[in-house]
Amino acid sequence: MAHLLGAEQISLEFPTKTVFDNVTLGLNDGDRVGIVGRNGDGKSTLIKLLAKRLEPDSGRITHRKDLLVGMLDQADQIDPGKTIGQAVVGDLEEHEWAGDAKIRDVISGLLTDLDFSRQIKDLSGGQRRRVTLAALLVQDFDIIMLDEPTNHLDIEGVAWLASHLKNRWAANTGAFVVVTHDRWFLDEVCNLTWEVHDGVVEPFEGGYAAYILQRAERDRSAAATENKRQNLLRKELAWLSRGAPARTTKPKFRIDAAAELIAGEPEPRDRIALSKLATARLGTDVVDVENVSYSIGGRQLLNDVTWRLGPGDRLGLVGVNGAGKTTLLKLMTGALEQDSGKIKRGKTVVMATLSQDVRELDEFANDKIFELIARERTYFQVDKKEVNITQLVEQLGFSSAQLQTPVGELSGGQRRRLQLLRLLFGEPNVLILDEPTNDLDTDMLAAIEGLLDSWPGTLIVVSHDRYLLERVTDMQYALLGDGHLRHLPGGVDEYLRLRKHSLGQVKSGDGRLPGGLNSNAGNSANAGANGGGTPKAATNPNALPAGSAARRDAEKNLARIERMLDKIGTEEAALHIKMATFDQSDFDGLAALVAQQTAFNEKREGLELEWLEATDLLS
């Protein structure tokens, strides 16, 4: 394959740190590289060097003649005085950009909810980020370098970006490099992984899963001081091999090598033991949300929602931005009051919420980490055993030297970890994590997941990180934007299918635009100002007419299906409690409980299909 660029013996030093020391690497056609490493080790610096936005102290960066390199920085560089249309498609007439399948795909994937006539200065940070990414992707580059491209994208946006990049480089011409902490994304799009650490760049074949295997093999022969890190990696590898059903259909590494590495490695968590312990700490009543509705500003966010949480449940919650995920959590904790319905909290429930706002620590800016911790706790109790706080602090990546650092000088990732520490000090038995992966590198995410594996209690995770959801939760639920809560037996993949069905989304590259416009030149009756109309969801030509008897019947049928799904969810929650406290020596009884769970799964799958058909008639 053709060589695109190379770095030859490059070195770079900052005043207090050697970032790179005599590094040599290159990019060829077809390379899809994911860059991983600890925060502050030089991942963003590396792509700036490769793009020639930064000069090395020694060595050189070479580009093929006429090489075109596009780059997405963490800091969005886009003219705030422009409109969205001007920023993305420039001065092109609609018939020009609408006839380009790549541009249509980018707009439908990233900007369907934005008015092209809005100015950049009026957008939120997340919206500006999406516009900047779209403006990059509509152009033709030989190499694209992306620094944290999944930030501010929801699960659907991340899935679209992965599909777009894979399709774009399907012919193995050109290359892209991505810096991200999203492990699902790395596994989905990359065929090479570069680990940046200790002044070097170490290459690995394959995506994240393959990287974990090779790194575990490397660490197995390391010195005894690496044993702790090695054990963490083997645990992560064990989950990759056993855990996610989606990965078993597309293995990324040799099964025999993985089996050798994880021989004797237990499952990441003992679900039965944790459920028994959770029941002892919580009793059988945790949180019951019954027929709850909530509106704000005339818009109904939640409509007749029922959700029952049992001891030891580990639940993931997904949904589009603005669908009401954070609102539902605040209602459960009592921070908000519902319009109707009731929320019952068990008498022994102690809740703690990891919010998205790291400014919670601002009031302690002048305190050193050690001082803050010493005021709040000196030991931590796990499974009736006292654990020294120092052990917990080390597990979350704080060295002894770092304990003397003032809170105000901590990075975003360090603040996130300190937030979690302070929550755990309170020994909650219901833990709510709202977007917990922000600002954390892959190593620290794995460490936190390991900590959660042994945490006995009810866990709720709201996240756009598919890997985290599959890793630490056993069941997933979704708010689809219609006010209703859905159980997702098929996980995130099922959520994406439901969203696509309910919105009538158009598949990428089928010749139609988000607003239902076709790609024929001159067909621009719905065009907006500045080079683009406001993309809207496609309408369903088979939808039943409003007010018709057939539509009323379909609405009644949909309500019936949703009631039955809620009933199954309630009965299933009771079954899980029974299974958690059941006599494990009664094999016949356990088999009967498993058979009940299988029946629930089969019944739910049938109802989900009916729900899809019903919503299709009403969309």
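**Figure 1. Cavities of the predicted model.** Three cavities of 30 Å³ or more turn up when the whole structure is searched. The structure shown is a predicted model. The largest cavity holds about 90 Å³ of space. Its lining consists of 13 residues. Those nearest the centre of the largest cavity are Leu 420, Leu 433, Pro 436, Leu 440 and Ile 448. Three helices each provide at least two residues of the lining: H16 (412-425), H17 (442-453) and H18 (466-472). Helix H17 contributes the most, with three residues.

**Figure 2. Ala 446 in helix H17.** Ala 446 is part of helix H17, the helix that gives the most to the lining of the largest cavity. Is Ala 446 buried or exposed? Ala 446 counts as buried because its relative accessibility is 7%, and the cut-off for buried is under 20%. Ala 446 and Leu 396 are separated by 50 residues in sequence, while their C-alpha atoms are 9.9 Å apart in space.

**Figure 3. The whole protein, for orientation.** The protein contains 21 helices and 20 strands. It has 619 residues, of which 52% count as buried. Taking contacts between residues at least 6 apart in sequence, 71% join residues at least 24 apart.

**Figure 4. The S1-S2 hairpin.** Strands S1 (residues 3-14) and S2 (residues 17-28) run antiparallel and are joined by eight bridges. The hairpin between S1 and S2 passes through two residues. Across the pair, Gly 6 stands opposite Gly 26 of S2.

Figure 5. Ser 11 has its place in strand S1. With a relative accessibility of 15%, Ser 11 is classed as buried. A polar atom of the Ser 11 side chain lies 2.8 Å from the backbone nitrogen of Asn 22. Which residues does Ser 11 touch, not counting those up to four places away in sequence? They are Phe 20, Asp 21, Asn 22, Pro 56, Asp 57 and Ser 58. Val 200 is 189 residues from Ser 11 in sequence, yet the two C-alpha atoms are 9.5 Å apart in space.

**Figure 6. Lys 52 in the loop between H1 and S4.** The loop that holds Lys 52 runs between helix H1 (43-50) and strand S4 (58-63). Lys 52 is not a glycine, but its phi is positive, near 65°. Most residues other than glycine have a negative phi. The relative accessible area of Lys 52 is 42%, so this residue is partly exposed.

Figure 7. The phi of Asp 198 is positive, about 50°, although Asp 198 is not a glycine. Asp 198 is exposed because its relative accessible area is 60%, and exposed requires a value over 50%.

Figure 8. Helix H13 covers residues 325-333. Which residues of H13 are buried? The buried residues are Lys 325, Thr 327, Leu 328, Leu 329, Leu 331 and Met 332. In an α-helix there are 3.6 residues a turn, so residues three or four places apart point the same way. Gly 334 follows H13 and has a positive phi, near 90°.

Figure 9. Strand S19 (residues 475-479) includes Gln 476. Gln 476 has a relative accessible area of 9% and is therefore buried. The side chains of Gln 476 and Thr 473 are joined by a polar contact of 2.9 Å. With neighbours within four places in sequence left aside, the residues in contact with Gln 476 are Gly 316, Leu 469, Arg 486, His 487, Leu 488 and Gly 491.

Technical notes. Residues are numbered from 1 along each chain as its sequence is written. This is a predicted model: local features need pLDDT of at least 70, side-chain atom pairs count only at pLDDT 80 or more; totals for chains, interfaces and linings use all residues. Side-chain values use heavy atoms; hydrogens and water are left out. Helices (H or I, at least four residues) and strands (E, at least two) are DSSP runs, numbered from the N terminus. Buried means under 20% relative accessible area, exposed over 50%, partly exposed in between (1.4 Å probe, protein chains only). A polar contact is a pair of N or O atoms within 3.5 Å; within protein, one must be able to donate a hydrogen and the other to accept it, and residues adjacent in sequence count only if both atoms are side-chain atoms. Contact means heavy atoms within 4.5 Å. Two strands pair if DSSP finds at least two bridges between them. On a 1 Å grid over the protein atoms alone, a cavity is a set of points where a 1.4 Å probe fits but cannot get out, and a pocket is an open set with protein on both sides within 12 Å along at least five of seven lines; lining residues have an atom within 4 Å of a point. Grid points are joined across faces, edges and corners, and a volume is the space filled by probe spheres set on the points.
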